[in-house]
Amino acid sequence: MISIIENNPYRILGSYSDSKLMDIIANANKIKAFAKVGRTLPFETDNILGFTSLPVRTVESVDAALALIQSDEDKSKYSIFWFNKSGIDFGTTDLINENIKSAGAKFMSAIESNDIASIQDVIGDKAKSISSSKLLSCYIDVMNENGYSEEAIAGCLDTATSEQHISIISALHKSGILDELKKKTVSISDISVDKTPSNITLINRIINDVNQLIVGKNISSDIALSGAYDQFCKLVRSKVISISNNASDNIGKTEKTAFVALLKSCLETLKSIDTSYASTRTASKFKEDIDTISKSINDVDETYLLVIASNEEICWFCGGKASDSFEKKYERSKEYPIGYNTKRVITYTKSAKFYVCKKCMRYHNLESLFIVIGVILFFVAELLLIKCFNDDWGDAIGITFIIQFFLWAITIYGGKALGVYIHSIAWSKSHIRKESDHPIVKRIKSEGFS
């Protein structure tokens, strides 16, 4: 049984395609209520010939099914692959029994022998324009997805009487383009997803081959062909995004320039797809992915640093092989009033983890020594400054200690800042990244921590 019937949202909701929306929603609410207590609820549609088991009915599957049939784009597609109370036979029973050619014949008979307004009442919103050509395109598209396109086309062609329908089906059947697209699709499916740009080149070549199949051919099968081309577009998009994501996952082990080049190659591949034959949904998805990758290229520094920062095998500071790690804490204080003229100060802390090599770990452990040196240097600088105004060293030292008694905070905090600054300069001379470059540190400091 093909998937669109077995997992049809109308089947999950126990409804016919032309049931009133209020009745369908009522069914959905009943199913969810029963599902929450571990029980199932039978429906009339469960007994239709050919079904040997009940559909999966959970709160999640019911919500998803309800969303599909409330979508203008999806409702008609699922409706023509389900049963209705109006008596219009789209060949669903034959599809259940896998008699594909007969199902195609009944589908074509249904869209040719019934008034389009009657069909519209059964399968879609009355306010939405539905044509028999669009229904035919949708039908062949779904049959192509399930590998039954040849038999379905044969059945439709045997029954078709409309010149327009015959023209569409015949052109598709004789042009061979569908078969060529299938071959190209298989070629793309066989491409293994890795981090090398060579696969991007191969995908580009296949895209060019497919465009050569379509461009310049004067065929009247654009509507039917769009289904097959739509699948091709989706597969290309899937491969390109997979390669892009794979590269992103391995950015810590790849040069940033190579990563950017790969992203740009992925972007050009998506842009090279001619989505005029594809569905609105696929074309929209392509645009979304193009925008996403464009943004990734613009934000590549942040992405690159974030992956580096979270990679336990890479030293954040020098890019060597990490062997140790340490956490750096940052604080932020906030005052809260707890009574009249009384406040409570609460100190919040956040930390960032750094992965480092042994050499950088030694540099990190020397920070406290540099702070002590900074305090001493700050004190000596003050001493020399006072000596400039006093020729006697004894008096100068005495005056200095008196000043330090009142301004010890300046000496301690100023010396600490001086020590940290000297330490960072000594470290940065032999390293490619600083502590302040760390994306987590940037985020923490942007929140007011220091």
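Trainee: Where does Arg57 lie?
Mentor: Arg57 sits in the loop between helix 3 (21-36) and helix 4 (59-69). Helices here are DSSP runs of H or I with at least four residues, strands are runs of E with at least two, and both are numbered from the N terminus. This is a predicted model, in which local features need pLDDT of at least 70 and side-chain atom pairs count only at pLDDT 80 or more, while totals for chains, interfaces and linings use all residues. Residues are numbered from 1 along each chain as its sequence is written, and side-chain values use heavy atoms, with hydrogens and water left out.
Trainee: Is Arg57 buried or exposed?
Mentor: Arg57 is buried, because its relative accessible area is 15%. Buried means under 20% relative accessible area, exposed means over 50%, and partly exposed is in between, using a 1.4 Å probe and protein chains only.
Trainee: Which side chain makes a polar contact with the side chain of Arg57?
Mentor: That of Asp46, at 2.8 Å. A polar contact is a pair of N or O atoms within 3.5 Å; within protein, one must be able to donate a hydrogen and the other to accept it, and residues adjacent in sequence count only if both atoms are side-chain atoms. A polar atom of the Arg57 side chain also lies 2.9 Å from the backbone oxygen of Arg11.
Trainee: What else is Arg57 in contact with?
Mentor: Leaving aside neighbours within four places in sequence, the contacts of Arg57 include Ile12, Gly14, Ile31, Ala35, Leu41 and Phe43. Contact means heavy atoms within 4.5 Å.
Trainee: Which residues of helix 3 and helix 4 meet?
Mentor: From helix 3, Ile24, Ile25, Ala28, Ile31, Lys32, Ala35 and Lys36; from helix 4, Val59, Val62, Asp63, Leu66 and Ile69.
Trainee: And helix 7 with helix 9, at what angle do they cross?
Mentor: Roughly 165°, with the axes of helix 7 and helix 9 coming within 10 Å. So helix 7 and helix 9 are roughly antiparallel to each other. On the helix 7 side the contact is made by Ile100, Ala103, Gly104, Phe107, Met108 and Ile111, and on the helix 9 side by Ser132, Leu135, Leu136, Tyr139 and Met143.
Trainee: Which residues in the largest nonpolar core touch the most other members?
Mentor: Of its 49 residues, they are Ile5, Ile80, Phe81, Phe90, Leu95, Phe107 and Tyr139. The largest share of this core, seven residues, comes from helix 9 (residues 132-145). A nonpolar core is a set of buried Ala, Val, Leu, Ile, Met, Phe, Trp, Tyr and Cys residues joined through side-chain atoms within 4.5 Å. Apart from that core lies another, of 29 residues, with Ile200, Ile207, Val240 and Ile243 among them.
Trainee: What does Phe81 touch?
Mentor: Not counting residues up to four places away in sequence, Phe81 touches Ile2, Ile4, Ile5, Asn8, Thr92, Leu95, Tyr139, Val142 and Met143.
Trainee: Switching topic: what is phi of Glu98 near?
Mentor: It is near 60°, a positive value in a residue other than glycine. Most residues other than glycine have a negative phi. Glu98 is in the loop between helix 6 (92-96) and helix 7 (100-113), and is partly exposed, with a relative accessible area of 47%.
Trainee: Where is Lys328 found?
Mentor: In strand 1 (residues 324-339). Lys328 counts as buried, at 18% relative accessibility, and its side chain is joined to that of Glu435 by a polar contact of 2.7 Å.
Trainee: Last one: how many helices and strands does the chain have?
Mentor: There are 21 helices and two strands. Of the 450 residues of the chain, 41% count as buried.

Technical notes:
Axes are lines fitted to C-alpha atoms, for helices over the stretch in contact, and angles run from 0 to 180 degrees between N-to-C directions. Angles under 35 degrees count as roughly parallel, over 145 as roughly antiparallel, 65 to 115 as roughly perpendicular and the rest as oblique.
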